[in-house]
Amino acid sequence: MENVSDPPLSGGAPQPPALHPTVIHRPPSPSRKRRRFKKQFPEMVPSRVLRMLRPHSSRSGGNSVHREKNTDELFQSKISDDNLPSSSSYRSRRLSSSSSSRLSRDLKVEALIAISVGFPVDSLNEEEIESNVVPILGGADQANYIIVRNHIVARWRSNPTVWLTEEAAASAIRAEHRHLVTSAHSFLHRYSYINFGIVRNPPSPPSTSYPSVIIIGAGFAGLGAARHLISQGFKVVLLEGRLRPGGRVLTRKMEGSGVVAAADLGGSVLTGINGNPLGVLARQLGLPLHKVRDKCPLYLPDGRPVDPAVDSRIEVAFNQLLEKVCKLREAIMDELKSVDVSLGEALEAFRRVYGVAEPAEERMLLDWHLANLEYANAASLSDLSLAFWDQDDPYEMGGDHCFIPGGNEHFIRALADGIPIFYGKKVNRIQYGCDGVMVYADGQAFRGDMSLCTVSLGVLKKGIIEFVPSLPPRKQEAIDRLGFGLLNKVAMLFPYDFWGGAIDTFGHLARNSCQRGEFFLFYSYSSVSGGPLLVALVAGESAITFEKAPPKEPVERALSVLRDIFAPKGIQVPDPLQVVCTRWGEDKFTFGSYSYVAVGSSGDDYDFLAENIGNGRVFFAGEATNRRYPATMHGALLSGLREAANICRIAGRRSVVQTEDKAVEEGLDLDDLFKSPDLSFGQFSVLHDPTPGSPDSTSLVRVRSSERKLGSDSAFLYGLISKKLVLELAEIDGDDKRLSLLSSSLGTKLVGRNGLSSQGEDLISRIKAGKSSGKTVIGIMNGIHHA
């Protein structure tokens with residue numbers, strides 16, 4: 001066995017009528033989806049585009065292994081090269097009725113694809129507006145741009161294994177709209193809507209010198225950002241505290257007696273593949289996906305299967321309870337914004353008021369659904385915000401939930417390939433200023449222009465990394481408010497598959513409500529892991545107590561649950577060949593599993609956590625910085641791609657400013673600089689190095705020469721001496737004595753303007769920079785921040 005740590009709502013109110021779930025005339029479905037998602041109702045979130053995530057009857061049996069590409073069969077048939085309108089048909093002013101119909105159909109399909117990856121139906125998103133993709137908002141150019149954008153997205157998704165060039169993207173667009181192709185292609189590439197992941201034939205990175213970026217953490221966020229930045233020409237280094245990449249994605253090889261299986265001990269399920277970047281990665285790598293089948297039988301503590309009619313009735317009652325709670329929330333939202341309460345408190349109050357699930361079996365069933373909700377949020381319901389716990393529901397990825405055969409390490413290995421990663425580097429300090437960052441890890445210091453921090457919210461909450469200067473109050477408060485929850489697993493490798501291969505999940509009910517999350521759900525990985533593997537989930541309060549118990553105890557309880565289920569069927573449960581228990585709460589690189597909206601928090605806190613600091617020097621990514629897709633693997637990856645785009649954008653702006661500053665600097669000659677010297681005495685004028693340092697820093701001295709022609713630069717001699725010596729010279733009477741001291745005693749040679757060394761030219765550049773900005777140069781010198 002192995003461990004891996006890698007106010008009352010009913011007070012004084014008249015008794016309402018009892019809930020009667022049977023009034024909803026819906027035939028019970030014997031095989032409903034039981035997956036990690038949150039129930040949703042129109043009253044929950046004020047949004048015009050909502051998906052009802054109601055369970056539905058499972059499809060007919062058959063092979064559930066498919067490729068993500070099959071999900072896009074309709075799209076493929078519409079946008080393949082054979083079916084795309086030719087360049088001439090796009091350029092033609094007059095189209096035949098059939099061509100016009102085909103074009104209309106193609107445009108609709110392309111719009112659907114663009115919507116699936118997160119674009120608005122008929123408008124620009126925030127990033128497009130900020131990027132000025134069109135000169136005038138709301139005009140004809142915007143309408144045409146949206147069509148071009150949708151076409152490019154769809155064109156690349158038709159074959160995401162190959163780099164889509166601007167020329168290829170423009171092949172079916174009229175020449176008069178080429179400027180829109182340039183704008184759309186540039187935006188889509190920068191923000192990783194196209195050409196991300198593992199793409200064949202990418203162009204060579206630009207030869208232009210780009211800034212250096214230090215990325216902290218080699219999970220999905222860090223790896224995704226690193227690959228994108230390198231493709232843009234940035235110099236990137238990645239620091240990872242573990243001895244492996246992946247972060248909270250961990251695939252472990254389990255084996256015994258000739259039986260081998262791959263177990264995902266961290267992130268495991270692709271929660272919806274429509275528009276999911278991990279679905280694109282799977283296509284690029286040629287990986288089949290296994291759809292998590294809908295059928296999920298439930299078993300009572302004594303092993304008897306739950307009566308389907310009772311199961312259906314309690315599930316409807318559970319959904320109605322949520323609906324009641326959400327209607328209450330809508331009515332008192334203004335009050336909740338100032339005084340939040342927990343979702344668990346509200347659900348329990350309504351359960352008591354309406355007398356739901358009073359019999360023991362019904363209560364156990366209700367507890368199972370509550371445990372599933374706790375699994376979805378990695379938190380006890382008593383910790384979830386009633387006001388905002390489901391704020392991300394409108395953005396959930398559609399489509400099937402899937403496994404990757406062989407585990408998610410396929411993604412991690414592919415993304416990490418070729419990335420410069422330093423393993424075993426535990427970062428403890430990030431120091432930043434206007435001229436760059438210093439990242440300290442295990443006694444070493446790494447200097448760069450920018451840094452991207454992708455550590456878990458748990459690490460940020462612990463304060464393990466010191467930020468100098470300290471984090472802004474708004475960001476620190478967001479870190480404190482957001483919740484970081486816990487989910488644990490027990491992975492068991494058996495000598496054979498005793499539970500049968502017809503299902504991917506089955507559930508177990510607990511007698512005690514306080515233990516409802518312990519082994520409430522089992523995942524069968526036999527069809528995807530290579531061996532007979534079962535993974536038991538531990539959620540809610542049980543996930544916390546799980547880590548406090550000796551390792552053998554929870555394993556024995558998990559086996560006891562399995563034997564209670566299968567012994568009445570005459571099936572013997574063998575001893576496992578190998579068992580691995582996770583301890584994510586004790587893992588010093590995560591301190592938990594994934595984020596949730598805690599009482600008193602809101603979706604705004606994800607945005608605050610995502611904000612960069614230091615005027616674009618330190619950036620933040622990870623699932624807890626993604627308001628739309630928190631607590632997911634694809635959310636982590638998308639956050640990394642988002643910040644890579646932000647780094648590119650800010651670096652571009654900084655480059656423009658630096659170019660302008662350089663032009664100002666170059667316009668300043670030495671005469672301009674010495675018009676206002678830092679010190680003057682006799683024929684001596686002095687300019688000090690504007691960078692703060694010791695008294696021994698170098699100064700530029702200019703001496704007027706009587707032997708040279710006045711009114712020209714040749715009338716002066718120059719030298720480099722220490723600031724301390726400058727003060728000594730100022731105390732001496734007479735220029736002759738000063739010159740004598742310089743030449744005879746100190747050996748300092750005065751030279752003409754062109755005779756200054758590279759050290760002198762560097763000093764002049766710093767003085768120009770200081771004079772042009774009117775500020776003292778702020779920097780990081782020898783690992784010490786100076787301001």
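Where is the place of Gln 391? Gln 391 sits in the loop between helix H14 (360–377) and strand E10 (401–403), with helices (H or I, at least four residues) and strands (E, at least two) taken as DSSP runs numbered from the N terminus. Please keep in mind that this is a predicted model, in which local features need pLDDT of at least 70, side-chain atom pairs count only at pLDDT 80 or more, and totals for chains, interfaces and linings use all residues. Residues are numbered from 1 along each chain as its sequence is written, and side-chain values use heavy atoms, with hydrogens and water left out.

- Gln 391 counts as buried because its relative accessibility is 12%; buried means under 20% relative accessible area, exposed over 50%, and partly exposed in between (1.4 Å probe, protein chains only).
- Beyond its neighbours within four places in sequence, Gln 391 is in contact with Val 597, Gly 603, Tyr 606, Arg 627 and Pro 630, where contact means heavy atoms within 4.5 Å.
- A polar atom of the Gln 391 side chain lies 3.1 Å from the backbone oxygen of Arg 627.
- Pro 394 is placed in the loop between H14 and E10 too, and it counts as buried at 12% relative accessibility.
- Although Pro 394 and Arg 628 are 234 residues apart in sequence, their C-alpha atoms are 8.2 Å apart in space.

- H6 has 19 residues and reaches 27 Å from its first C-alpha to its last, close to the 27 Å expected at 1.5 Å a residue; the expected span is 1.5 Å times one less than the number of residues.
- Of the 19 residues in H6, 14 are buried, leaving the helix mostly covered.
- H6 (residues 140–158) packs against helix H10 (residues 277–285) at an angle of about 40 degrees, with the axes 11 Å apart; axes are lines fitted to C-alpha atoms, for helices over the stretch in contact, and angles run from 0 to 180 degrees between N-to-C directions.
- That makes H6 oblique to H10, as angles under 35 degrees count as roughly parallel, over 145 as roughly antiparallel, 65 to 115 as roughly perpendicular and the rest as oblique.
- Trp 156, Arg 157 and Ser 158 of H6 make the contact with Val 280, Arg 283 and Gln 284 of H10.

**Helix H11**

- H11 (residues 308–331) has 24 residues and spans 35 Å from first C-alpha to last, close to the 34 Å expected at 1.5 Å a residue.
- Asp 307 caps the N-terminal end of H11, with a side-chain oxygen 3.0 Å from the backbone nitrogen of Ala 309.
- Leu 321 is found in H11 and is buried, with a relative accessible area of 3%.

Conventions:
A polar contact is a pair of N or O atoms within 3.5 Å; within protein, one must be able to donate a hydrogen and the other to accept it, and residues adjacent in sequence count only if both atoms are side-chain atoms.
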